[in-house]
Amino acid sequence: MIESSLLIAGSIAIDTIETPEDRRENVLGGSVTYALIAAHRYVPCHVVGIIGTDFPKEGKDLYQSLASNLSDLQEVPGSTFSWGGRYLNNWDDRETLFTDLGVFGDFKPLLCEENKNVKTVLLANIHPELQNSIIDQSEADIFILDTMNLWINTTRPQLEDVLKKANILLLNESEAELLTNYSDPQKAGTELLNYGLEKVIVKLGSDGALFISETDQIRIGAYPVEKVVDPTGAGDVFAGAFSGILAAGGNEVEAIIQASALASICVEGFGAEKVLNCSIEDVTDRISYLQSILEL
Ligand code: AMP
């Protein structure tokens, strides 16, 4: 068994992002990319995903430098998954402009022997059937699950299969409401434990996050961001940091605090630019702030 490493499975994408103030094409994105950028700070990361032959060299270089195992990163002829999103004037609501699956359409994740034995797995946002396939191949102790409204709306039975097998679920309050019909995040999170999940983390945006287990309910605040530049990837950064800290032996509250700190940095830059280049001091200042407002 490999100790203290994290397997991350999800999407690797080329994004087009429109905010109320800016528009950029060819932004390196995808749930794995953001999660890896966050998680590699805490633990060696193994990547499961797929790219096409058009994937840019700078993207490959980034993966080479941040990941410690790329055995299950497939590169096949065709175009990399690409996604376009537009934020509305409130910066919270987002519409998908296009989703071009490219090589992702035929993706069959295959875990090598080493990756089957990684103890902690982050099932970052992808089609639940792919998440299920990873679970079926893996010998992990902990599966951390992230998802999105698309899968709740379009592939609910497959998602429910994954929910029954996962240990920890991360989702935001609107996804929690969509799954349970409870608008109260505390009620929704408690209801979700009925799938057999051990822990549920409901993210509340600028109001922080709620940690829910059979025995505990803990509210963690949010870092007050001065100016949002691009919210893309904040959820994946949160998932990556959270999973990395858990894989490294940390507890959930510590993990949520660090995840919130990094996610707050992510939204202050376009794509991953700020979270990739932030200073240790910036991260630790935000962690200290979040610890100081923690009510236990
Ligand atoms: P977030 O803002 O945390 O929801 O993550 C945004 C990232 O998710 C973008 O970089 C997209 O490339 C990726 N993404 C968007 N739609 C999907 C999808 N249907 N499946 C997997 N990844 C997606």
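Guide: Start at Glu 173, which touches Pro 185, Val 202, Lys 203 and Leu 204, once residues up to four places away in sequence are set aside. Keep in mind that this is a predicted model. Glu 173 belongs to helix H7, which covers residues 173-180. Now take one of those partners, Val 202. Glu 173 and Val 202 are 29 residues apart along the chain, yet their C-alpha atoms are separated by 5.9 Å.

Is Glu 173 buried, partly exposed or exposed? Its relative accessible area is 33%. Buried would need under 20%, and exposed would need over 50%, so Glu 173 counts as partly exposed.

Take Gln 131 in helix H4, residues 128-137. Its relative accessibility is 0%, so Gln 131 counts as buried. What does Gln 131 contact, leaving aside neighbours within four places in sequence? The list runs through Leu 123, Ala 124, Asn 125 and Ile 126, then Leu 145, Asp 146 and Val 162.

Move on to Ser 243. This residue sits in helix H9, residues 234-247. Ser 243 has a relative accessible area of 0%, which is under the 20% limit, so Ser 243 is buried. Beyond its neighbours within four places in sequence, Ser 243 is in contact with Leu 6, Thr 120, Leu 122 and Ile 144.

Leave the helices and turn to a strand. Strand S2 takes in residues 13-18. Six of its six residues are buried, so S2 is mostly covered. Its side chains point two ways. Ala 13, Asp 15 and Ile 17 face one way. Ile 14, Thr 16 and Glu 18 face the other way. Both sets are buried.

What pairs with S2? One partner is strand S3, residues 23-29. S2 and S3 are antiparallel and share five bridges. Within that pairing, Ile 17 has Arg 24 of S3 as its bridge partner. Four residues lie between the two strands, and together S2 and S3 form a hairpin.

Another partner is strand S6, residues 82-87. S2 and S6 run parallel, and five bridges join them. Here Thr 16 has Gly 84 of S6 as its bridge partner.

Now step back to the whole chain. Its secondary structure comes to 12 helices and 13 strands. How does its radius of gyration fit a compact globule? For 296 residues, such a globule would have a value near 19 Å; the chain has 18 Å, so the two agree. Along its principal axes, the C-alpha trace spans about 50 × 45 × 35 Å.

Of the 296 residues, 56% count as buried. Count contacts between residues at least 6 apart in sequence: 62% of them join residues at least 24 apart.

The accessible surface comes to about 12,800 Å². Carbon and sulfur atoms account for 45% of that surface. The chain carries 20 positive and 45 negative charges. The mean positions of these two sets are 1 Å apart.

Conventions
Residues numbered from 1 in each chain as written. Predicted model: local features only at pLDDT ≥ 70, side-chain atom pairs only at ≥ 80, totals over all residues. Heavy atoms only, no water. Rg over C-alpha atoms; globule rule 2.2 N^0.38 Å. Buried < 20%, exposed > 50% of the residue type's maximum accessible area, 1.4 Å probe, protein only. Contact = heavy atoms within 4.5 Å. Areas by Shrake-Rupley, 256 points an atom, 1.4 Å probe, with all protein chains shown as cover. Lys, Arg positive; Asp, Glu negative; His and termini not counted. Charge placed at Lys NZ, Arg CZ, Asp CG, Glu CD. Pairing = 2+ DSSP bridges.
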